[in-house]
Every structure is written in C-alpha cells, then in structure tokens.
Amino acid sequence: MATGMSRFSDLATELEALRSDGRLRSLVPRRLDAASIQDSGGHRLINFGSNDYLGYATERVTTASVAIGSSASALVTGWSEHHQRLCVELADFESTEAAVLFPSGYAACSGTIATLAREGDLILSDSLNHASLIDGCRLSPAQRIIYPHRDVEFVQSTLRDNRHRFARVWILTESVFSMDGDVAPLVELCEVAEKFGAEMMVDEAHATGVLGPTGSGVCEALDIRHRVAVRIGTLSKAIGSQGGFVVADQVVIDYLVNRCRTLIYSTSLAPIIVDVAAERIREIRTSTARRDALARRIAQFHERHGSHLPQFLIPIIPIVIGECHDALAASTRLRDAGLFVPAIRPPTVPPGTARLRVSLSAHHTAEDVSRLADALGWVSHRMLANGSTLP
C-alpha cells in the first residue's frame, strides 16, 4: 500500500516549492492576552498582528442563560430573538432598512456578491479586493472586470463604453483595504455609479467600529451611506466577536434570505456570540473612548515613523519590503525584540510586495508604539547592512 507521502507526492512537491520561496505557512498555537501574545514556546510578545482594533476580543464576558449553540441554520431553528434584536440594532446603526447575519465575514462577502450579481450583470471589482470578494465574483454567473486599484477613471470609461450591455452593474470595493490600509475613493465611485445607473457594494470590514461619528465606517464618515446599495461588515474585527452581516433595503435582505447559499446552508451564529456583538455595538455607539485611544496610537506611530498623518486614521500600516525571505527575516528580528509583526506574503499580496503588516489597537500603550518605532528603525539599519532595505 502506498504511503501518504508517495500517494500525494505532487502535493509534497508543491509544499517544498513554497518553502523554498519563503511562502510556506503553518498553524501556530498562540495565547492572546490584551495587547500581548504568547506562543507555544512561552515567549510573550507585544501583538501588532491582530484585527482587534478596539481591544474587545480578549476581554472576558458573562452571558448567563444564553445558549452556547444555535442548533441549526437560520431558516430552520437557528434564528432566535437574540439574532433578530441584533439585526434591528445593526440596521439602526447603519441607517438602513434591514440587516441579516452570516456565520463569518467571508461567508457574508462571498455569498452576497455571488447571489446578487446575476446572469446578465457586470461586476467591476477593485484589483486589491479581499479573497472573499474575489471568490464571490468567481461564484457569480455575472461577467466581471477587475479594475486597477482605486482607478475611478477606469470604472467610468468602462461604464461609458459597456453599461448598455448589462442588466445591472455592481461596483465592488472594500472601504479600507485590509493589506494596504488605504481608503477607496467612495465619493467619486458613488458619483460614477449614479451617472451610469450602477449599484455600489462596499465591504466595511476594517472600518466598522473604527471610523465615522458613531463607528459605522467610512460610508458614515463620508456621509454616503444612502448612496451605497449594499454594505457588508464583520463582527469579528473591531467589534471583537464573530460573524458577518449585510445591511441594505428590506427587499435585498429578503432576497439573500431566500437565495444566498452561505446563509441558508450554514449553522447560524451562536446566541452567546450574538449577544456579545450587540453589547459591543451599543458601547461603540455611545462612547468614543476606545476609538479615541486608537486614534492617539495611530497618530503617534505616524509621527514616530516620520510619515504624514493621513485623512483617515487607519489602524492598518503596511511596510512593504519586497521579497518573501526579507519580510520573514524582518518579522523574526522584531520577534527577537519582543514584538509580533506578521510577514504578509503572496498570494495574500501581489508578488514582489511582501510586507510587514502593523495593526494597532486601543489596547496598545504609548510605550508599546514607541518600542515598535524604535525596533523598526533598528531592523531597517540591520537589513541595510545586509544589502536589504526596510522602508
């Protein structure tokens, strides 16, 4: 009988190629504690790799008399009064008619675009959109065109030449891009969409809870929520819980409930998770304390790192290095300095743009950010001495 290695030698060969290129990944058990992370070897590091922007994820909660599991999909027995209440709160939070919950942000993104973009439609998708949006495009029967990152003119010229060929056009973009930390030109895209009768679909995953007067996201900050037909968010980043959601007109939500496979055929979120998310959203809406703390840390980092303060204080700060091995080496040197800053490599980012991805949190102290800035300067000096550079 053939061994596992011989039966799957092609897979082993591909894995070895990934290792050689500095792109092999593995699961590493870690323990999270506020702004720190402890690996399996017992090393405690300041955590600059988390999407827990407001510092909620590691906090303990008490939810007496709330069920651990939901028992079934939402359309069977998995939709409770807890789910319904959260959807009502989300719709109010996002100033829309209705909302619906998904088991993950990935399911919300991939399922929504695959369901709403139908045969005869066109999807115009930003080239740096998240994998979940890309997979939704691939699952959709609609035609798709990938436009250069943030290129409004390309979108406009494409619609000018082709709008008449399609029943509906969806302009699909993240509001805050997860690996670059930049913001989509949403106002300009809305103007183009309105000019040519297209619909905007925006993934606010990395903006929900962080930006806007009440923490709703970039669309709120720019006062364009009423101009975006469908907005997707996550409960698992700044909100510190689990799951995803979509907000839109009631007819759109009803259509998703009846047609979206990632919603219909997934066990719904556990009520305990739903209640935690609802509690966090209420706190975000009524208090700016955590967002203010996060903004201070972001501003401090830009000042210490010598970069200009951007229009939006985004907690994602990429430091593009280039080659995978150099990014891994920089991450290792930072780990030796007591800091966890992950190396992000292709295919998550384009070839030749491997990077360190700094994620800041309200849990970080001024001392934490100063240590990071100092360590980045030291790592840059070391890499320059070895023939590499760190911007």
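## Burial and overall build

Of the 391 residues of the protein chain, 52% count as buried, meaning under 20% relative accessible area, with exposed set at over 50% and partly exposed in between (1.4 Å probe, protein chains only). Please keep in mind that this is a predicted model, in which local features need pLDDT of at least 70 and side-chain atom pairs count only at pLDDT 80 or more, while totals for chains, interfaces and linings use all residues. Residues are numbered from 1 along each chain as its sequence is written, and side-chain values use heavy atoms, leaving out hydrogens and water.

The protein chain holds 14 helices and 14 strands; these are DSSP runs numbered from the N terminus (H or I, at least four residues, for helices; E, at least two, for strands). Its radius of gyration is 22 Å, close to the 21 Å from the globule rule for 391 residues, so the chain is as compact as a globular protein of that length. That radius is taken over C-alpha atoms, and the rule is 2.2 Å times the number of residues to the power 0.38. Along its principal axes, the C-alpha trace spans about 60 × 60 × 55 Å.

## Contacts and surface

Among contacts with a separation of 6 or more, 70% come from residues 24 or more positions apart, a contact being heavy atoms within 4.5 Å. The protein chain exposes about 18,000 Å², and carbon and sulfur atoms supply 52% of this area, computed by the Shrake-Rupley method with a 1.4 Å probe.

## Helix α7

Let's look at one helix in detail. In α7 (residues 186–196), the buried residues are L186, L189, C190, V192, A193 and F196. Seen down the axis of α7, they fall within an arc of 165°, so they line one face of the helix; the arc is that of the directions from the helix axis to the C-beta atoms. An α-helix has 3.6 residues a turn, so residues three or four places apart point the same way.

The cover over the buried residues of α7 includes β6, α6, β7 (169–174), β8 (199–203) and α8 (218–221). After α7 comes G197, with a positive phi near 70°.

## Backbone spots to check

S95 sits in the loop between α3 (81–93) and β4 (98–102) and is partly exposed, at 49% relative accessible area. R150 belongs to the loop between β6 (143–147) and α6 (152–162); this residue is also partly exposed, at 36%.

There is also a cis peptide bond between P346 and P347, with omega about 10°. P347 is in the loop between β13 (343–344) and β14 (354–359).
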